[in-house]
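Look at the structure before reading on.

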Amino acid sequence: MAGNIKKKFSGGLGQLTIPVIAIALLVIFNLIRDPSFFSVGLSHNNDGNIVLAGNLISIINGASELAVLAMGMTLVTAACGGQDISVGAAAAIAGSVFVKVLKTSPDISGGKVLLAFICACIVAMLFGTFNGTLVAVFKIQPMIATLILYTCGRSIAYWINGGATPTISSPIISAIGSFIPGIPIPTPVLIVVAMAIVFKLVFKFTSLELLTQSVGINGSAARLNGINSTFIKLLSFIILGVCVAVSGSIGVSRLGLINHETLLLDIEMDTILAVAIGGNNLGGGKFKISGSIIGAYVIQMLTITLYAMKVSSTDVKAYKAIVIILLVVIGSPVVKEKFGKFVSKLLDNRSKASLKGAQ
Amino acid sequence: MQDEVLLQMSHIDKRFPGVLALNGVDFTLRRGEIHALMGENGAGKSTLIKVLTGVYRMDGGTITVEGNSISIHSPQDAQNNGISTVYQEITLCPNLTVAENMYIGREDGAWINHKDYEKKAGEILERLSIPARATQQLGDCSLAVQQMVAIARAVDMKCKVLILDEPTSSLDDKEVNMLFKLMRDLKAQGVGIIFVTHFLEQVYEVSDRITVLRNGELVGEYLTEELPQVELVAKMIGKDLDELNDLGSAEEKKTSDKEVFYEATGLSSSDALPFDFQIRKGEVNGFTGLLGSGRSESVRAIFGADKVTGGAVKINGKSVKITRPIDAMKNGIGYLAEDRKRDGIIAELSVRENIILALQVMKGLFKPISRSEAEAFADEYIKALNIKTASRETPVGSLSGGNQQKVILARWLLTHPDYLILDEPTRGIDVGTKLEIQKLVLKLAEDGVSVTFISSEVEEMLRTCSRLIVMRDRHIVGELKGADLNQTQVMKTIAGGEA
């Protein structure tokens, strides 16, 4: 058995080790600090539904938009070796479109919500195509290319609804943003699960994963193996566009209004961070979507923990930074390698000792 | 002077997960000698070199330089102890200038200003007659010149021990002679040179001693003049030479009566001048010529690897358009690129993923090869080509060069091509694997596959090809077959003796 463990460790720690350890440490820390931190109970919400409540639920619920964006960002990172910093602004545009379509007439039906979402998707995919074209066709560095939409995105969102911050009240929208009557789990959490399943299915029924990784690791070789890397890169931005529309729509539904200035503000950096904590190489190549999802929950749990510790909201960012530095350093190849060697040495000594014992 | 021990490595052990890469290896280098380190892929040459240069930490053994025991933990330690290396694959920065590349990362380089080291670099380049300017971007130089800059860098660091790992694999004859002259000069100055190469003739031309490794163990140390070439090969591959001879006497294949598979007229690309070319089914042909003669550029044009600018192409008599690699692949053409590291392997992906890549691309985005199918393919080719890997899930980048090459061969064989272009498939590969690849080429041809085989070793091409196209200055200057297929005639044509 020791041999098995050793094989696992000396081959380099798995990609998911760091995010999983981070989650575990945060859980343990919180349990020691306040054993009731994770207690989950049933309570009645404003609509009179019986729903799950507690810190754990608000962590998982609150990280939904981040988790959805992180999935798409992982793909862009893997294919292009860079990140899209316009996701927050693009989500504000998608959210504005979502509201704009809903506002075309006073009654809001399920079909109309679907239509609004599809419109938001199309618009976000178009902006994804814009970003993707700059990156894949014009070979502009992703961060610079997406800086354009990052800068102007919220202005575009402002124009869509003519500068107003319209509110929408509808049982369907609040069902999307909080709970579906009869189901105690927050709807955004269900949407994250659904998105994760969609990604899983996409990777199962297409060769996107292999092609994306090949383009990200060695673009020159990928090209000579007939891969159209321009298309793969463009596609990753378009898929991220879908994620942007989903998270924008969640954000709008949660609040029942669109505020183009504040919707998912600053989420792009947390998204990139989630990808990094997930053990994905920000320079592109091999990736794991699941890592990024866990990364999103790590960030959210950290934030909620700090708030629960009564750290003032102005200080939270500084504390967050400290923890993140630790995570990123622990996850760095240098530390991983040293730790892997340490573990294999440890196991070596132990197996030697047990051999001696056997003699 | 040659009796004074400069470097002594004793009982060196190095373990990798699941593999004992070096098992108690001894190596002795004397002052002022050129010492060839020989062995097949996976024999432990590269590992031994990397232990000596601080890339790997050894698990056991001692190293002494001039009698003093030293410990090497980093490439910097090695440099401080006077040990310099020029690696097989060029490890300089192509986007810096030649001068910057010669001084980057050196303690004595940090405080010198730009103008000074450009001047110094220029002097060294001139002294070694290297055809490059100090202010030129390294990436703009040919591979050969980049290699020589790497050597110049090492030479300038006043090294006692100079390690040359496959330095000649991308040099043409003239450049090789220049390098050998340089090596002999350095030897006369008392530098000990460790020379790792696969070119046997070069070993005999320049080295004083030979150390042979096999499977991570020392076979022995010999004086070059006392070890016949045949015996050396036998020691390296550890088996009879009958096989080698068998291959050498393979009878000439008659393919002139077979139908033409591929035909190009006036084909040109951004890098290749217009040329005509055709190949028959089951034919093995070769492109030869000096570095820069356009042989690689021409075959790249066939595959659509560079921007195709003109010409007509027929496959099986039908006109087709090949402007991108995928077009070529869909028409049954496979291409193993010259630069394995840059254009071949996807280093971080597994052997399995690397093997199925080309087939998967041909099938497209929406027809993924299932995991179990992929595993079956990988297992099949790992066995068929005798790929030495811990498992099919091992990242291909951690395999030895020869095995990486086999993985890429497997990738193309899996697409069942009608026409396979192999550009330098045997470069930087041991004798045993070279033989396997040559055999495979002949076997493919027997099965009706057309093969274009390019190698800088003319002998290898003479053994496998029934027709040789000779290029000079980016033009086809001759086509040799039948009785003309001999070393002298090839050399004559390359040199322009036919005119």
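The points below cover the interface first, then the strands of chain B.

This is a predicted model. In it, 22 residues of chain A are in contact with 24 residues of chain B. Chain B also holds an open sheet of 4 strands and a hairpin built from β9(B) and β10(B).

**Interface, chain A side**

- Three helices of chain A each supply at least two residues of the side that touches chain B: α1 (2-10), α10 (208-217) and α11 (219-224).
- The most comes from α10(A), which gives 6 residues.
- By class, this side of chain A has 11 polar, 8 nonpolar and 3 charged residues.

**Open sheet, chain B**

- The strand order is β2-β1-β4-β5 in chain B, and the pairing is antiparallel.
- β2 (19-30) and β5 (68-70) of chain B are the edge strands, and each pairs on one side only.
- From one strand to the next, the twist averages 25 degrees.
- β1(B), residues 5-16, pairs with β2(B) over 8 bridges, in the antiparallel sense.
- Arg15(B) has Leu20(B) as its bridge partner in β2(B).
- In general, strands of a sheet pair through backbone hydrogen bonds, either parallel or antiparallel.

**Hairpin, chain B**

- β9(B), residues 209-214, and β10(B), residues 217-223, pair in the antiparallel sense over 6 bridges.
- Arg209(B) has Leu223(B) as its bridge partner in β10(B).
- There are 2 residues between the strands of this hairpin.
- Which residue in the turn has a positive phi? Asn215(B) does, at about 50 degrees.

How values were computed: Residues are numbered from 1 along each chain as its sequence is written. Chains are lettered from A and ligands numbered from 1 in the order in which they are written. This is a predicted model: local features need pLDDT of at least 70, side-chain atom pairs count only at pLDDT 80 or more; totals for chains, interfaces and linings use all residues. Two residues are in contact if their C-beta atoms, placed from the backbone, lie within 7 Å. Ala, Val, Leu, Ile, Met, Phe, Trp, Tyr, Cys and Pro count as nonpolar, Asp, Glu, Lys and Arg as charged, and the others, Gly among them, as polar. Two strands pair if DSSP finds at least two bridges between them. Axes are lines fitted to C-alpha atoms, for helices over the stretch in contact, and angles run from 0 to 180 degrees between N-to-C directions.
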